[in-house]
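Morning, everyone. Please look at the sequence and the structure on the screen.

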Amino acid sequence: MDKRTFLKSASILGIGSLAALPSLAAATDIAGAAPGPAGDDNSYWAGIRKGYKLKPDYINLENGYYCIQPQEILNAYKKHIEEVNLQGAYYMRTVQAENKNAAAKKLAALVGCSSDELVVTRNTTESLNMIIGGLDWKPGDEAVMAHQDYGAMLDMFKQVSKRYGVVNKLISVPADPQTDEEVVEAYARAITPKTKLLMVCHMVNITGHILPVRKICDMAHSKGVEVMVDGAHALAHIDFRMPDLNCDYYGSSLHKWLSVPLGAGLLYVKKEYIPKIWPIFAEGGKEQGDILRLNHTGTHPPATDLTISDAIDYYTRMGAARKEERLRYLQQYWTKRVRGLSHLEIYTPTQPQRSCAIANVGVKGMKPATMAETLLKKYGIYTVAIDNADAGVHGCRITPNVYTTTAELDELVKALKEMHA
Ligand SMILES: Cc1ncc(COP(=O)(O)O)c(C=O)c1O
């Protein structure tokens with residue numbers, strides 16, 4: 001059935017809106033979003049907060065796992081679930097793929113890459129493990145990564161090491177660099193003529209550290225090494241476009257800062273590298289250079305993919321730069337008030353441009369799990385304990401979101417000042 005025939009029968013069934021995704025135009029120029037309130041305009045952000053339904057039982061400062069949806073996106077999601085359920089297999093067999101591709105196009109416009117270099121996946125884990133597991137590794141090939149990287153990717157590198165004899169070289173990212181070059185150098189030192197791939201986090205999940213990805217890519221490319229970026233936390237958190245990074249592969253989770261329902265991600269692959277990747281799930285009938293070859297996962301909830309468009313519209317209206325400014329403001333609001341206190345350790349770089357919403361603080365001599373429990377039980381603040389000896393991080397990750405108020409952060413500051421081992 002072609003699209004016109006489908007639309008005709010859909011309108012007979014009273015479900016005409018199902019096939020339509022909002023126009024791509026809305027997402028094409030986030031940089032051109034209307035100038036608006038700055039990061040410290042609390043009345044604007046109070047309006048944003050009104051758009052969320054929040055649990056009154058605790059202050060949620062654990063938006064790093066995923067960002068709950070504002071009601072506008074949640075309502076759109078519910079509508080998509082109902083619409084898909086109404087049509088059942090008819091939807092799946094007619095416009096499902098077309099709509100998913102339209103969502104991928106809109107995402108590609110958002111990040112500024114070509115739509116034939118990007119697919120919608122289920123999450124960052126799928127995106128990046130597709131690359132790590134899909135390269136043609138030879139015994140003795142080397143890969144460079146960091147102790148501060150995410151466990152699922154490090155585990156996949158361990159697996160390819162066992163399977164193909166790849167040698168993994170782990171570096172430690174400088175905790176509080178004063179220049180980009182300190183970080184670039186740490187990666188450069190691990191590269192040898194055998195290095196094939198370098199993995200780097202755009203934003204380290206346990207500390208919030210934003211790494212100088214462009215400079216790392218340029219350095220690696222000058223030595224003939226490809227770069228894969230773990231952007232799980234960067235998309236719709238900090239304002240960037242894919243060409244600014246000059247990376248070869250990029251993975252992100254859309255259920256994090258873009259507030260898409262759980263179970264959506266993206267994979268970007270530089271056009272010339274698409275043909276050489278072996279997909280995790282084989283896909284027949286596609287050209288070797290077609291990125292959709294890397295996109296066969298079996299049945300997946302289509303309402304999640306349909307909501308990508310609504311989430312992009314919401315984010316675009318807020319404005320990428322404005323959102324980044326607010327998130328950085330919130331983090332700086334509380335860290336400025338506790339940095340330097342002798343009983344605390346802050347694991348996030350001091351220079352403001354090297355982090356955004358996420359930061360990590362520990363109480364010296366207190367186990368992170370105890371700290372998280374005390375924050376929740378005594379102060380009603382929900383965070384996550386990070387106790388990672390390899391990465392040298394022993395604190396609680398604190399992640400506000402656009403709905404967080406400075407009054408809530410005052411509660412955190414009060415708690416941190418009072419808590420001693
Ligand atoms: C840096 C980083 N990479 C990858 C992931 C995995 O994301 P997902 O579980 O959505 O695949 C996370 C999750 O928190 C992360 O923080």
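This is a predicted model: local features need pLDDT of at least 70, side-chain atom pairs count only at pLDDT 80 or more; totals for chains, interfaces and linings use all residues.

Residues are numbered from 1 along each chain as its sequence is written, and side-chain values use heavy atoms, with hydrogens and water left out.

Start with the ligand. Residues around it, with a heavy atom within 4 Å, include Tyr 150, Asp 230, Ser 253 and His 255. Which side chain has an N or O atom 2.6 Å from a ligand nitrogen? That is Asp 230. A ligand oxygen is 2.7 Å from an N or O atom in the side chain of Ser 253. For the side chain of His 255, a ligand oxygen is at 2.8 Å. On its own, the ligand has 390 Å² of accessible area (Shrake-Rupley method, 1.4 Å probe), and the protein covers 88% of that.

Now the rings. A pair of aromatic rings is described by the distance of the centres and the angle of the planes. Rings of Phe, Tyr and Trp (its six-membered ring) pair if their centres lie within 6.5 Å; planes under 30 degrees apart are stacked, over 60 edge-to-face, the rest tilted. The structure holds eight such pairs. Trp 137 and Phe 157 are edge-to-face, at 6.5 Å and 70°. Tyr 329 and Tyr 333 are tilted, at 6.2 Å and 50°.

Is Tyr 333 buried or exposed? Buried means under 20% relative accessible area, exposed over 50%, partly exposed in between (1.4 Å probe, protein chains only). Tyr 333 has 13%, so it counts as buried. Tyr 329, at 25%, is partly exposed.

Conventions:
A polar contact is a pair of N or O atoms within 3.5 Å; within protein, one must be able to donate a hydrogen and the other to accept it, and residues adjacent in sequence count only if both atoms are side-chain atoms.
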